[in-house]
Amino acid sequence: MLNASEMNTLAALSDFIIPRSDTPGASDAGVHFIIDSVLAGQTERLASFRAGLRPFLKLDSAKRLERLTALHAGKDPFFRMLKDLTVEAYYSTREGLATELGWTGYTPQAEYKGCTHPEHQWKKA
Amino acid sequence: MAAWNLTRQGANVLMLDAGTPFRRSTFWTHVKPWEWRERMEAGRRPPPFRLDDREQPYDTPKGQPFDLFRVWGRGGKTNVWGRVSLRYGDVDFEGPARDGWEIDWPIRYKDISGYYDRVDQLIGVCGGPEDLDVLPGSKYHLPPPAMRCAEQLLRKAGKSAGIDFVHGRRAVLTRPHNGRAACHYCGACGRGCDISAFFNSSDYLLEPAMKTGRLSVIDNAVVARVLAGDNGLASGVQYFDRLTKAERTVRARIVIVAASAVDSTRILLNSKSPRWPNGIGNSNDVVGRYLCEQIRFHVFGFMPELMGTKALNDDGISGEHMYMPRYNHRDGRKRDYLRGFGMQLWNTGAQSNANFAKSLDGFGLEFKKSVKRRYPALLGMHPYGEVLPYRDNRVVVDAKHVDRYGVPVARIEFTIRENERKMAAEMYDMAESLLRAAKAEVLPFERGTIDPPGAAIHEHGTVRMGRDPKRSVLNGFCQMHEVKNLFCVDGAAFPTATEKNPTLTILAVAWRATDYLAAEMKAGRL
C-alpha cells in the first residue's frame, strides 16, 4: 500500500494525465485509490512504480509537470505505467465512463433501435 | 443435445457433468464496472465459469503455448459464449475434396440442412435473409437487430472496397420464442444471461429433457475413462467425484462423449485396455491428431463521421450485428494458401471501457478531449481464418503427469504453419483496405500479430469423422468405426475447422447423430 505522501503525489500526477474539465478529473474519480488497490496485489510492479514516484514526492506542482512532460517525451517506462494505470482506472469509474464519455450500457432496454441517422444508412445495390 | 434428443425419443439417459451447476440468480449480468470493483473489494466473486488450470492442469511443449478455455458445469461454454451461429455450406463440406488437403467430410449440406432448420427453430437464431454458398440461408431467423452507426458506415465503405457484409447471425432471442422472454439489449452477455435470452444448453436442452423424467444428471462427476468389455465394446464409464475424489463407475448400453474437444479426446486416449492399448477405438492412431483451431487478430479504427458525436447506447445484442462472410473462393484470384477467412465485428461504438486510449499519445486536457472525441467512433474488426488439420498438431496423454485423481492430463502440441501465415497476410490486407475505404483513423497495430493458439476457443479435429476407417475415428453419424456403441458429438468430430463458429453445426450434427442412434436402438442393432 502506498503511504500518504505517495498517495498525494499520485493524485496530483493522475490529475495531470486526466485533469478536471467540465467533468471530473482523475482524483475526483478516486483513481489514486484504485491504482493503489490494483498495485497492492503486484509486488514487483508496485516496487518499480514507487521508484518512479519517488523523484516527484518533494517537487512543487510546476516542477512535477516539467518532469512529467520530459518523461513523456522520453518515452519513459514509469510514464507509460502511470498513464496506463490512470487511463484504465479513470474510464472504469462512473465519473469517467458515464459522466465524461456518456456510456449508458449494461442496462435493460425495451427495444434496440440502432442507427437511425439517414446519412448513415447503407443502400442496397 | 444428445440428452435432449434421446430422452424425447424414449431413451433413459444418465449425464455426467464435470462441474457444479451455474445458478442464473448469481450471475453478475448487469453489474457496472465500478460496482464490479466494489464487489470484488468486498470479497464477493462472480460465478467461476472458467475452469482453473491449477485444479485441472494441461501441458504444452516449451515455446508452443495453447490457451485452453474450459467451462465445467451444466451448459459448459454455452453459458458465456459469443452466440455467433453460422451455417456451414458445401464450400466447407466439399473443401477437402476440392483441394485435397487431408480427408473429406463424410456429409454434405443436403444431409444436414434439415437439422440446421430444426436447430434454428428450437433455439432461436436471429439473422438476415442472405443466402450464400458459404453461408446458406434460413427460413427461420428471428428478426436481426438494427445495425449500429459504424456498421452501416463500414458496409457502405465495403461496397467501394468490393467487400460484402451480411446481417450477423446470433443465437439471441430478438423476440419472445418458445415461451422465453426476448433479449433486453443490456449488452452484458459475456457474464452469463440472467434471463436466459440466448441459447445455452442447460436451460434450452437439459431442463426440457429433465421434464421427460428420463434424464438423470450427476454433477461434479469428472469422467476419466470409457470402460471396455471383453467384446471390445464400451461397457460404461469410470469417473471421480470432484468434491470427494471418490472413484465410481457406471455401466451403460451406449456411451456418448461430448466433453468439448480436448476433454473428450483426453478421456478416449486414457481409455486404455489390453484390447485398446492406444485408447478405445484408436487402433489407427488418429484419436488426438489433426487438432485444428482458427487464427484471429484485432484491428481498430475510428469512423470519421462519428468523431465528436454524442455517445449512443451501442450495446444491442452485444457483439456483432454484422458479419463479413468468406469471399476468397469466389473472386477468381489465385491464392498461395488453402481455405479462407471471414470477419466478425465486435467492440463497435461506445464500449464499457476506453482501452483504446492507452494507444493515443499525450496527456492532459487535450488528451482527455481526444479520448472523448474518439470514444463513440470506435470500430473493431476481428478476422477469423481456418487452420488446416496437420497430423502432428495433436492432443496426447502422458502417464508421467497425472491430475488430482491420478488420471493422465492432456498435452496439447499445436503450431500454425505457412498456410496460416500466408492467409493472415491477406487478412491484414483486407482489414487495411476496409479502413482506407472508410477513411477511418487507424489505431496503431503490428501487422502479422496473431492471437495465441486457443484464443478463438474453437478446437476441432481430434476425433474426426470420415469415410475411411483407417484415416478417421467416426462415421458421419459420429459413431466410432471400431466401437459401435461409442459416439462423440462435440467439435472433436469435425474433420476441418472452417473459418466459421462451430456451435450451430455441432448442434445440427449431434441432433442427426442421435436420431441415427435412436433408430439403431429401436431396431435392436445397438
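Which residues have the most contacts inside the largest nonpolar core? The legends below take up that question first and then visit other parts of this predicted model.

**View 1. The largest nonpolar core holds 179 residues.** Cys478(B), Val489(B) and Ala493(B) are the residues with the most contacts inside this core. Helix H11 of chain B, residues 503–522, gives the most to the core, with nine residues. Both domains of chain B take part, as the core draws at least three residues from each of domain 1 and domain 2. Look next at Ala493(B): leaving aside residues up to four places away in sequence, Ala493(B) touches Val463(B), Arg464(B), Met465(B), Leu474(B), Cys478(B), Cys488(B) and Val509(B).

**View 2. Domain 1 of chain B meets domain 2 of chain B.** Domain 1 is pieced together from residues 1–22, 49–126, 193–293 and 457–526, while domain 2 is made of 133–168, 294–386 and 417–452. Taken over C-alpha atoms, the centres of these two domains of chain B are separated by 32 Å. Their contact takes 27 residues from domain 1 and 25 residues from domain 2. On the domain 1 side, helix H4 (95–99) and helix H5 (109–123) of chain B each supply at least two residues. H5(B) gives the most to that side, with six residues. By class, the domain 1 side has ten nonpolar, nine polar and eight charged residues.

**View 3. Chain B touches chain A.** Here 38 residues come from chain B and 33 residues from chain A. Three helices of chain B, namely H2 (33–41), H6 (149–161) and H9 (365–374), each supply at least two residues of the side that touches chain A. H6(B) gives the most to this side of chain B, with five residues. What is the make-up of the side of chain B that touches chain A, counted as nonpolar, polar and charged residues? There are 17 nonpolar, nine polar and twelve charged residues on that side.

**View 4. Two helices of chain A, H1 and H5, pack against each other.** Helix H1 (residues 4–17) and helix H5 (residues 77–90) of chain A have axes 10 Å apart and pack at an angle of about 80°. H1(A) and H5(A) are therefore roughly perpendicular to each other. To find the contact, follow Leu13(A), Ser14(A) and Ile17(A) on H1(A), and Leu82(A), Lys83(A) and Thr86(A) on H5(A). The residues of this contact divide into three nonpolar, two polar and one charged.

**View 5. Helix H8 of chain B is largely enclosed by the rest of the structure.** That description holds because ten of the ten residues of H8(B), residues 261–270, are buried. Among them are Asp263(B) and Arg266(B), together with Ile267(B), Leu268(B) and Leu269(B). What covers the buried residues of H8(B) includes strands E4 (221–228), E7 (255–257), E13, E14 (408–413) and E16 (486–488) of chain B.

**View 6. Tyr390(B) sits in a loop of chain B.** The loop lies between strand E12 (378–386) and strand E13 (394–402) of chain B. Is Tyr390(B) buried or exposed? Tyr390(B) is buried, because 20 other C-beta atoms lie within 10 Å. Not counting residues up to four places away in sequence, Tyr390(B) touches Tyr290(B) and Arg417(B).

Technical notes:
Residues are numbered from 1 along each chain as its sequence is written. Chains are lettered from A and ligands numbered from 1 in the order in which they are written. This is a predicted model: local features need pLDDT of at least 70, side-chain atom pairs count only at pLDDT 80 or more; totals for chains, interfaces and linings use all residues. Two residues are in contact if their C-beta atoms, placed from the backbone, lie within 7 Å. Helices (H or I, at least four residues) and strands (E, at least two) are DSSP runs, numbered from the N terminus. Ala, Val, Leu, Ile, Met, Phe, Trp, Tyr, Cys and Pro count as nonpolar, Asp, Glu, Lys and Arg as charged, and the others, Gly among them, as polar. Domain bounds come from an automatic or database domain assignment. Axes are lines fitted to C-alpha atoms, for helices over the stretch in contact, and angles run from 0 to 180 degrees between N-to-C directions. Angles under 35 degrees count as roughly parallel, over 145 as roughly antiparallel, 65 to 115 as roughly perpendicular and the rest as oblique. A residue is buried if 20 or more other C-beta atoms lie within 10 Å of its own, exposed if 12 or fewer, and partly exposed in between; C-beta atoms are placed from the backbone. A nonpolar core is a set of buried Ala, Val, Leu, Ile, Met, Phe, Trp, Tyr and Cys residues joined through C-beta atoms within 7 Å.
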